[in-house]
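Please read the following briefing alongside the sequence and the model.

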Amino acid sequence: MTDMCYYEVLEVSRDCSGAELKKAYRKLALKYHPDRNPDDKEAEEKFKIVNEAYQVLSDDEKRAIYDRYGKAGLEGQGGMGGGFGGANMDDIMDIFNSMFGGSSGFSGFGGGFGSTRRDPSQKYALDFEIELPLAFHEAVFGCEKKIDITFKTPCNDCKGTGAKDAKLETCEYCGGQGQILMRQGPMQFAQTCPKCHGEGKTIAQKCSSCNGKGYHEEEDTVTIKIPAGVDSGNRLRAQGYGNEAKNGQRGDLYLTFYVEEDENFIRNGNDIYIEVPVFFTQAILGETISIPALDGELELELKQSTKDKEQFVFEGEGVPDVHSGRKGRLIAQVRMILPKKINEEQKELLEKLQESYGVESRPHKSTFESAFDRVKSWFKN
């Protein structure tokens, strides 16, 4: 992966903006962060190269050099390496504070994943996330859901250390410091030790009860109240339903919603669209018809000569906003239906109707009259 193009690493185009770059970095850093992928070497390597790519591309000067000369042009400029450093250190740390700690944690919708930094001796993250599918009406009106979860609890036999009799050795790689010093050009900075993950201790012999993991898994069923108006991609924090820490405290469970589509209603934010099939005679003559709505039915008054794809808007008949409760609109769009077959009697009636309109019934004649004359003139010479 280290030989990949930095733009490919961050899954962005070469002309992407700074905002697009930062958004892509947030997504991938969250995906591969060690707190969410404990003991996963592949994720750790991907996390390093994602940081490396963002460090280069978020710096205008380094990005220009990279675009022209590639990685070779950055050698000796502090632009390579898998750790943090260089001009964008503050930028990177701001992103991480918003995702993994600091004052940017959230309760309810929005925000980042996890609200507290993890104890280095903790073998797993206390917060975890699951995707929760919802039927269309469950998301619109809100509901209560019983959810089966599996959470981690510390192993009592090794006191959550993963070591037999909880006996740990000083990490030889970092000398028990939990950090190693890295140098990039004239700059020196500390990085979490990749061997002990910042704990400063390593396992001498694995605990047989948990096989060195430091935890066991338990199953539980929780009841969550889903507010009305949630949509796909919204996230809700269920406080105290996460993994259990060594001190007995539980982290948080994060629910990301996936809302199923409905057969008739199409949702766009808080607005609801519905397609209304209308026979051509209804559209010509005008008629009042009943259409389904979220709370029952509505009366739709078709005007005479209603057009295909014409829209009729009903304020306050859409989905309630998940924060304010204010409802969006229901928008009914006409879909004109023409007869597939006609019998002789119907054909005769339609011909009489067409003739009754005179010149108006053949608009193509007046529209194309001048066009015909122009085309003829092109060939006179």
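Cysteine 174 is buried, with a relative accessible area of 10%, where buried means under 20% relative accessible area, exposed over 50% and partly exposed in between, taken with a 1.4 Å probe and protein chains only. This is a predicted model, in which local features need pLDDT of at least 70 and side-chain atom pairs count only at pLDDT 80 or more, whereas totals for chains, interfaces and linings use all residues. Residues are numbered from 1 along each chain as its sequence is written, and side-chain values use heavy atoms, with hydrogens and water left out.

**Cysteines**
- The closest cysteine sulfur to that of cysteine 174 belongs to cysteine 196 and lies 3.7 Å away, which is too far for a bond, since a disulfide is a pair of cysteine sulfur atoms within 2.5 Å.
- By this rule the count is 0 disulfides.
- Cysteine 143 also counts as buried, at 17% relative accessibility.

**Surface**
- The accessible surface of the protein, from the Shrake-Rupley method with a 1.4 Å probe, comes to about 23,200 Å², and 47% of it belongs to carbon and sulfur atoms.
- Leucine 353, in helix H8 (residues 344-356), is partly exposed, with a relative accessible area of 42%.

**Overall make-up**
- The protein has 9 helices and 15 strands, and buried residues make up 38% of its 381 residues.
- Among contacts (heavy atoms within 4.5 Å) between residues at least 6 apart in sequence, 62% join residues at least 24 apart.

**Backbone**
- Alanine 166, in the loop between strand S2 (143-154) and strand S3 (168-170), has a phi near 60 degrees, a positive value in a residue other than glycine, and counts as partly exposed at 26% relative accessibility.
- Serine 305, which is not a glycine, has a positive phi of about 65 degrees and sits in the loop between strand S13 (296-302) and strand S14 (311-314).

Note on methods: Helix = DSSP H or I, 4+ residues; strand = E, 2+ residues; numbered from the N terminus.
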